[in-house]
Amino acid sequence: MSGLLALALCVCQGVMAQDTLKKFDLQELVVTGTGTLHLLKDAPVQTEVITGKQLKNFGGRSLQEILSGLATSFDFNEDDMGSHITMGGLGNSYILILVDGKRLNGDVGGDNDLQLIDPQNIDKIEIVKGAASALYGSDAVAGVINIITKKHDEGLLLENSTRVGSYGDLRQHNGFGLRSGRWNSYTNFQLQHTDGWRNTSVEHTSPLEDPVLDSKNKTRNRFTSWQAAERLTYDAGKAGEYYAEGSIYGKRIYRLSGKYPHYDVNTYDLAYQNAGASVGGKWNLGNKDYITFDADWNRHAYYYHFTSETLVEDYDKSAGTIYYPYYPYLAGQEALQSDQQRTLLSAKGVFTLPFQNRLSGGAEFRYDYLKAPTRVEGGKADDWTAAVYVQDEFNPHRNFNITAGLRLNRNHQFGFKATPKVSVMWSVTPDLRLRGGWSQGFKTPTPKELHYMYVRQMSGTYLYLGNKDLKAQSSNYFSASLEYSVKGLVLTVGGYFNKLDNMITLVTIPNYEAPDELIARYDPVKTRKYQNMDKAKTYGGDFSLRWKIGDFLLNAGYSYLDTKADQYDTDHETIRRVKIDGMAHHKGSFSLLWNHSFSSAYQLGLGLYGRMSSKRYYQTNGDGKGYQLWRFATTHDIRGSRNLTFSIQAGIDNIFNYVDRTPHGLHLGTTSAGRTFYAGILVRFTNGRKTINKIKTNLNQRDDEN
Amino acid sequence: MKTKFLLIAAAAMLLGLTSCSKDSEKSNYSEYQKAVNNTVKAQKKHDKAILLVAFGSTWQQAYDAFDATVAAYKSAFPSYDVFLSFSSAICINRAAAGENVAPRNFYAPPFWLTAFAQDGVKYSEIVIQSLQVIPGEEYTRVINYIKDFANNSNGDLDDSYLSKVTLKLGVPLLQDADADVNAVAKTLNDLYKDRAASNVVAFMGHGNPDSYDTYKANIRYTQLEEALQTYSKNYYVGTVDMMANFKTNVLARMQANGITSGTVYCHPLMSIAGDHAHNDMAGDDDENGAPNEEGEVEDTSWKCYFAAQGYTCNDGTQIVKGLLELPSVRQIWMNHTTAAINGEPLDYYHSKNPE
């Protein structure tokens, strides 16, 4: 028996060793930095990849968990208003989150709704820091996260994944794929749910008030989200490929009420509805040249779902016949808060030119429409931006690449801006690569930043105001990195400096600068308004190590970050130098994986993951404590038959049960619930061969090079 | 086929997202009003009513102060039904919801007034008493509620009732620049003269966040300080929102009077001790309130600011009491109610925007 086992181990190690070269060195294909496919090792722009294998081993329940667990640059501080993702110290409004190259639409306070992404349907994630690519405009100041979804072209595919975990956690994914001739259809349904949890029942109160020790507020509230999506593709063979897709999505965040009107009473839940539709295609021109076209429409609507009678003061009375300054909503009714609609048209061509040049050129038109009956003067606002860009990838020598790009942006309110980018890569030896880059970013204020007005109740009323006088933000990003790879070991060391001008952030203003009528109506303890901070800079260094030895894979990463923002204080007419909210100087991640095939029918994966962060800085309401969290994950791949496979995942998150019990109202280092358990099973039935081994994606990343 | 279905579903969803119709709007108002009507009907014992109008709060201490005020009114005006109204929607909503022992229904003034005019109630006299401190913007809103009511703005009230109902308005605490200001100064001095004998007693009012004299109201704070200083130079009156009368200006006036050290007692000059008293006056802040060119330090409480300026100012020197919690000050409001009852009724019928 032991002999058989030893033989099996030996055989499998051999198999895994070959697999290793493919999976774990730099053979991964990436697309995000240039919009054209490159092997990771040859990518002109430094790109971080979270592979499908890593995703599977990790067994993450959400994009938040995946990014915070497997990459060092990210942090989150989830609450009802969003994930509050930061990348290199900068918030969501500076991070461009793409799904298959298309930007995610819809935000609350600048934070995208990450539940729109089905974690079971992610093929891999590519991360590019800074405004490094000419392909992306507004938002990509801190960087780009490109989520590449799984593409299916089996004759018949049926899959179900159900993952359950502590605190009523449920993640459900169902896929149905069907191919008939050149037509291919994939239908996806996903559900995400948690009952939420409460790390503390203590509220941060005034020192002269009785303490509140039995607050009903939760650290994370209960929520349920669901999404149905359909994608239809037509493969025109050598001529190209066309697709149409659509999705609908809903989400509700449930909020409990306690007995302290000042702290834990809520009269409404939050509800979201999202819908999207896209069509596009790719025409091959021969000689590896092609043109792509995409048209995309998406709406993200945000509602209050009232749970008890609620008077609102800023009701749109234009259609009404009753002139009270209040409008009563009854329990069970909903009121639209914002409806963000975006239409995106884009076209791109990639052409091979003489002398080792590859030219990409494209145009993009984006129209944003914001409807917010009670939060925007007149109830609506809109914005459009048109851009053209050109990028050339030039290999003057086989060991040297220069990629230069220029993006010309024209915004109907903020005029014209050109943003150049250049990156170079030099393969000093086959094992050693140097990369460097400079890129400019440009970001116009969003309709919300310009026009929005809303009130939040958090230990007192806070009034938030848009600002029609905002200027566009711009950035200069410099980076340099070194990559050394030898025999399963990959080391990367890099540094970056991101200088932002006219950075937009919420600043506390004196109440007398706010409209009298609003002050009389809400009597806010603080009024905060979007303003251009004069300057900000973020700089830091990253180190990462990936080492494959036998069945073991070790990943370790460390990021250092510092930020300096010169914030103009209108009240004092002085410049204050502050750290950007939420930043931590030191962040690290660690993982050790062991993957082993015991037989062709059973593979085991074991993984130990750690992530850690030093103190997170905030200007008000206290700093977030440093933390470290560890996770143990197992995966069991079982092959039932030629058509049927099972994959079982089970693990423990936050093994050492670290819980940040800082009272509600103050900042947390992590919102982790403490030690939690999860288990899931993926059942997958396929029938019929896959079509030609071509990468099937929509959009700009399609290529025939492999 | 599936795509078609999804597109139809998406279109149906879009259609479903249109805002509420006029019908549902009317039914919402009538359903909400019904609850207010029932509350009034259930509590009606007399032919006359007093409606106390405050901005509102979400603090327990404020609820206690309001409850005590209503009780004092009931005992002082035994022939009147007494109701309390908040004008802030957020405060109304939060007080009514949740797991409170008893839901607190501080309906907004227009709903109370409409309920007072319903069949079966129809009070012959309605006295609206402002619980504001100064006759500023808040008070103007109160007047507008009464005008809307008197003029049947929504056309849903009985015009013949409106033409004969007696409406009376009790004015804010510091309405009169002489009588009220002097009465309040005397009362506060009676309460705090021991402390003011050798320490600073700094009152923190709200103030209107606009120009100095839009409502001719902000000046009451200055007048009150002048009146208090006839008793002692240790009394000061500053505000949260009034230009040129922030805590920094209070400090400057203290220094001009030669007070550069010692103990500073802080006291809200607001009807109740809520957000401003707990945050702006007695809150703990990260910043230490260093002086600057402009004057005000937005993110620092009075307590932290005066402590940073070298005075003894700490939790022990914060007198976190609203004026309604001081029976002798509350009595001045009640005197205004008595004066309103004894005075001429309002002539607001067809008076809205008389210009």
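## Strand S12 of chain A

Lys129(A) stands opposite Gly143(A), a residue of S12(A). Strands here are DSSP runs of E with at least two residues, numbered from the N terminus. The model is predicted: local features need pLDDT of at least 70, side-chain atom pairs count only at pLDDT 80 or more, and totals for chains, interfaces and linings use all residues. Residues are numbered from 1 along each chain as its sequence is written, and chains are lettered from A and ligands numbered from 1 in the order in which they are written.

Strand S11 (residues 122-129) of chain A runs antiparallel to S12(A), and 7 bridges join them. Two strands count as paired if DSSP finds at least two bridges between them. S12(A) also pairs with strand S7 (residues 95-99) of chain A, in the parallel sense and over 5 bridges. In that strand, Leu98(A) has Asn146(A) of S12(A) as its bridge partner.

## Burial of S12

S12(A) spans residues 143-149 and is mostly covered, with 6 of its 7 residues buried. Buried means that 20 or more other C-beta atoms, placed from the backbone, lie within 10 Å of the residue's own.

## The sheet of chain B

In chain B, 4 strands form an open sheet with parallel pairing, in the order S2-S1-S3-S4. Strand S2 (80-86) and strand S4 (166-170) of chain B each have a single partner strand, so one side of each is left without a neighbour in the sheet. From one strand to the next the twist averages 20 degrees, with axes fitted as lines to C-alpha atoms and angles running from 0 to 180 degrees between N-to-C directions.

Strand S3 (residues 125-130) of chain B pairs with S4(B) in the parallel sense over 5 bridges. Val127(B) stands opposite Lys168(B) in S4(B).

How values were computed. A residue is buried if 20 or more other C-beta atoms lie within 10 Å of its own, exposed if 12 or fewer, and partly exposed in between; C-beta atoms are placed from the backbone.
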